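These are my notebook entries on a structure that I went through piece by piece. I wrote down what I looked up and how each term was defined.

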Amino acid sequence: MNDAVVQLIQQIKETQISTSQDLEDFRLKYLSKKGAIQQLFKTMGSLTPQERATFGKDVNDLKVLAQNTFEEAQSRFENQHTVLNSATDDLSLPPIAKNIGSVHPLTKTLQEMKSIFYRLGFNIADGPEVEDDFHNFTALNFPPNHPARDTQDTFFVRKNEDPAIPDLVLRTHTSPVQIRLMEKQAPPIRSIMPGRVYRNEAVSPKSYFLFHQVEALYVDHNVSVADLKESLITFVKLMYGSDVTYRLRPSFFPFTEPSLEMDIWWGSKESGKWLEILGSGMVDPNVFKAVNIDPEIYSGFAWGMGVERMAILKYEIDDIRTFYENDIRFLHQFV
Amino acid sequence: MKLSYNWLNEYISLPEDVRETADTLTLIGLEEEETFSIGTNLEGIITGDILRVEKHPNADRLSVCTVNDGSSELQIVCGASNVQVGQKVAIAPVNSQLPITDEKGLPIVIKKTKLRGVLSEGMICAEDELGFSNDHSGIMVLPENTPVGVPLSLVVESYQDQIIDIAITPNRPDATSHIGVARDLSAKWNTELHIPKISEPNEIKHQGSHISIHIDDTQGCHRYVGVLIENVKIEASPTWLRNRLEAIGLRSINNIVDITNYVMHEMGQPLHAFDAHEISSKKIRVKHFDSSMPFITLDEVSRDVPAGSLFICDDQKPIAIAGVMGGENSEVSEKTTSILLESAYFEPGKIRKCAKDLALQTDASYRFERGIDPEMTVRAAMRASDLIQQLLPSSRIVEVVDVHPVTWQPTNISLSLPKVHKLLGVEIDTNWIQRTFNALGIKTTETSQNQLDCDIPSFRPDLEREIDLIEEIGRIFDYNNIPSPAHGIQISTEPFSEWETCKQKITEKIVGLGYNEIYSNSLISEEEANHFGELSDMISTLNPLTKDMTTLRPSLLPGFLKAASYNKNRKASGVRFFELGNVFYSATEGTFHKGIGEQTHVLLGVSGRKHDDHWLAKSSPYTFMDLKADTHALLASLGLAQHIQTRVSDQDELTYYIREHSIGKLSKVSKALQKTYELDEHVYYGEFNVNMLYEAFINQGTIQFTPIPKFPGIEYDIALIVRSDIDAETLLQEISQTAGTLLQKIDIFDVYEGENIAQNNKSIAFRLQFLDANKTLNIKDIEPIINNVVRSLNKKYNVELRS
């Protein structure tokens, strides 16, 4: 190997490139047009063809070595963020924040409930918030002097003596949508009916004069309490986890017979307690008669639950009024 | 309703553990609300004698007492005002533990302590501190002859019991008594029920010779039994009776009143005792009055009893409000020597109305309004008479009168066993059903293999139909024991309703645009509603509890403004809210009901600052255009962009149309309204009718692919000078209509007025994009189009090209 080549290899290997100036110096010394390597190439014309072949290969190898050394150092510098071009090029500066959209916690809870019911094969229906006496009470088997009809619990919108003009109320539950659905659709019916309902009550941390319910209705041939129970259990397991502890107990509602309620165990084994989460039952034959469905042919179950209650349990919210204050610091927690 | 465990145990043998019973009650539909212990063992509490009482040097309300505890003198600081020298009292000495616990349920141990600088070596106890009652009005003073220094348990009777408070559903009048509850438990546990023996009356008269009873209102009163008892002596009740009543939270009054209460809580029949001497001419009439009637009840309250309410009267005056409360004028008192015991059946609806009108629910009305056992009247009266004779052996029953204009009609129901299995979804053994029914008082006869004939007892008016009997089976069987159905969960092929899909999509898209959803009240005050239109166009509630909830919202705007204001007051720099909800208005035809319009709306609202001061930009407020951009993004993402037209309907309002129907608007909130809600920054909102968006949404059909253009388009800019009063939308529409089908898109890239532009004129610069699917366009292709557009604009709006 040519001495000059050997010498240059030695030099390149020993060069320390630690600043960008060093790098530039290196480039000028070895890799530029007037650099040492180009100079060697220029001497090739004076060589014999055999010498030229060997020499050419050696110089080429040298060039590769210089180039690799240069690129290695260059990439080393590029990865060092030591030099800033400008103060605003600082990528760690915060951007202008975008507002993150969110649904209200009640919508969020409702969405979760809807998706569970969707898995169970239920459709979604709705109805008006201003409802007539027939749909809100009579068809649901409320006797004429039932306490729920009292003015104390019900907001009346229209009340008169003329039997041809129905009394109007703000619906006290979502059950009237059951009636509307059964009036217009023949069984099988499998639907949930979410919506806003009203009770003429004083506002407190535990109660508000409006809230939201979800009603579920299933009418078909041969629907039994066992089917109801199976649906309830599937629902609570999907809503609160498959290890949820629950119990069913008999209850009373005018529009179902038998009627039952479901409790879930809330809190630790020692200090927890049973919490009522929903009311349910088999559709009362009188309700079927009110909508011209033959109770000898069809049976069905219905259940209803409060969305606020579900959300309060889920998010451990301590005051129902929080839902209607719309404090942005509250809303942002439910993105 | 409170149940005493000791009392209940008289009728059915109960398990040691009250929890087991409480849980069982819940599972058979008599839901436990609370279980607690009462009474105390008084361990460590002793009697003492107060020797001296001095004023506390540092506290006006405290006294420093010297108390003899039998062996030494203790100094005790006491806060009660009734403390006096010479009183015999109950003392909790140092290191003793009170029989009660603190709020956290932890034991209270008495310590030697200094109270306001004075040493106190124990506590002089009040009744509540010993668990006797809730009385904390002063220290408990023992009789004068009480020995000093002995355990309190030797001189004061201490009674311990456990109380289960249960909630009774309105269909279960039979369960409003200890025997009624015991009956349910005996059916559940298959154990024996012990009913006390009640003597039969010697003679039941329908017309009394000493007392005459007449029922005028036979609709209100189906049966009235009166027992006249002479030679009674009114005195304090014996301990056993007091304990029973006090355990369930009743105050002991006297032997007679206590017995009537005892029988009511034992059997469920409310009784009333009149002082027979106060019944003028010994005549009882049950009637109502056509006008309202002032009446003083035995709680010494004068009440205005509404017309139609049922009264018990003598031949001169009302003496009791039937089924609710007796009168002061005929109340049993110390002077009473003869009584008339009333045991009656009053019609539930009538009593409920009266109690409700008077806002007076009593233990009696609570039972009557649910419907008591119409066949129990004589037995309950005799039970009370037995007890009276037991306490007062010299008393004498003069006569028993039973007036019975409406007799109970027995009900018989045929129960199909296959139907039981079909409805409950489980096969239940017929013998089990029969046994359970018999325990519940339902007599059964097997008429065929699959049929039971059931005689319903008089105390179960709720059992009217076959389905009610099926519920009884399910109730006692326990729904938790019903196995999963063999066929599993069924699924449905029905798609989601499009209405639901539409609403969900709207919500999802708006959330994607960075808006936070709010839920606002749909009932607002009239005062607030006034800002949003004429009250006569709105729907109001007739009986709101407060003035804050009178009117149904005619728009989602008040809710948004309230939320914006709430957050502004809490230093939020800006809000970006939306709500989806129903609004209400009066309408001739109405949506669901004549006269009532009810539509679903969506509102998007912005107010305040988009962002605060930032290194990239100074803080900037939300503008109308921010909201407009979001609105158009929403409409486009719903696939509705091409159906929408807008029109400037007011300087601060842009109305949106689909096929000439207004679907909503964007608007800047007026200064006045801004002030009402104390908002100092501009507020912009858009409100749209979702029902109308939905119509367009479902009619848009499925997505059809359009081929991507193969040839490049061409852009052409024109700047126009127009009169200031011509809005951009007008020009855009005119350009679209005259430019023909090659026009793909128009943008406005500059709007200018001022120097170089004549007064009352402005310059608007448009960028037009043309595209031909079949060839590359060049300038020659579109020049004629541009000329045409400009000519037309010039002709219609006197528009000039800006050179």
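**Entry 1: chain B as a whole.** I began with chain B and found that it has 20 helices and 42 strands, where helices (H or I, at least four residues) and strands (E, at least two) are DSSP runs, numbered from the N terminus. Its radius of gyration is 41 Å, well over the 28 Å that the globule rule gives for 803 residues, so chain B is more spread out than a compact globule. I noted that this radius is taken over C-alpha atoms, and that the globule rule is 2.2 Å times the number of residues to the power 0.38. Along the principal axes, the C-alpha trace of chain B spans about 125 × 85 × 60 Å.

Before going on I noted that this is a predicted model, in which local features need pLDDT of at least 70 and side-chain atom pairs count only at pLDDT 80 or more, while totals for chains, interfaces and linings use all residues. Residues are numbered from 1 along each chain as its sequence is written, and chains are lettered from A and ligands numbered from 1 in the order in which they are written.

**Entry 2: domains of chain B.** I then looked up how chain B is divided, and found domain 1 (2-39 + 161-189), domain 2 (46-155), domain 3 (204-403), domain 4 (415-481), domain 5 (498-698) and domain 6 (714-801); such bounds come from an automatic or database domain assignment. Between domain 2 and domain 5 of chain B, the C-alpha centres lie 67 Å apart.

**Entry 3: strand E13 of chain B.** Which strands pair with E13(B), given that two strands pair if DSSP finds at least two bridges between them? I found that strand E1 (residues 2-4) of chain B pairs with strand E13 (residues 161-167) of chain B in the antiparallel sense over 3 bridges, and that strand E2 (residues 31-38) of chain B also pairs with E13(B) in the antiparallel sense, over 7 bridges. In E13(B), B:Ile163 is the bridge partner of B:Ser4, and B:Ile163 is also the bridge partner of B:Phe36.

Entry 4: Helix H13 (residues 498-512) and helix H18 (residues 690-698) of chain B pack at an angle of about 110°, with their axes 10 Å apart. Here axes are lines fitted to C-alpha atoms, for helices over the stretch in contact, and angles run from 0 to 180 degrees between N-to-C directions. H13(B) and H18(B) are therefore roughly perpendicular to each other, since angles under 35 degrees count as roughly parallel, over 145 as roughly antiparallel, 65 to 115 as roughly perpendicular and the rest as oblique. From H13(B) the contact takes B:Glu498, B:Trp499, B:Cys502, B:Lys503 and B:Ile506, and from H18(B) it takes B:Val690, B:Tyr694, B:Phe697 and B:Ile698; two residues are in contact if their C-beta atoms, placed from the backbone, lie within 7 Å. I sorted the residues of this contact into 7 nonpolar, no polar and 2 charged, where Ala, Val, Leu, Ile, Met, Phe, Trp, Tyr, Cys and Pro count as nonpolar, Asp, Glu, Lys and Arg as charged, and the others, Gly among them, as polar.

**Entry 5: an open sheet in chain B.** I followed an open sheet of 4 strands in chain B, with the order E40-E41-E39-E42 and antiparallel pairing. Strand E40 (743-752) and strand E42 (800-801) of chain B stand at the edges, each with a single partner strand, so one side of each is left without a neighbour in the sheet. Helix H19 (residues 728-739) of chain B packs on the sheet, touching E39, E40 and strand E41 (761-770), and its direction makes about 150° with that of E40(B). Helix H20 (residues 779-797) of chain B packs on the sheet as well, touching E39, E41 and E42, and its direction makes about 15° with that of E39(B).

**Entry 6: chain A.** Chain A is divided into domain 1 (3-85) and domain 2 (105-334), and 83 Å separate their centres, taken over C-alpha atoms.

**Entry 7: where the chains meet.** How many residues does the contact take from each chain? I found 65 residues from chain A and 77 residues from chain B. On the side of chain A that touches chain B, the residues divide into 32 nonpolar, 17 polar and 16 charged.

Terms used. Pairing = 2+ DSSP bridges.
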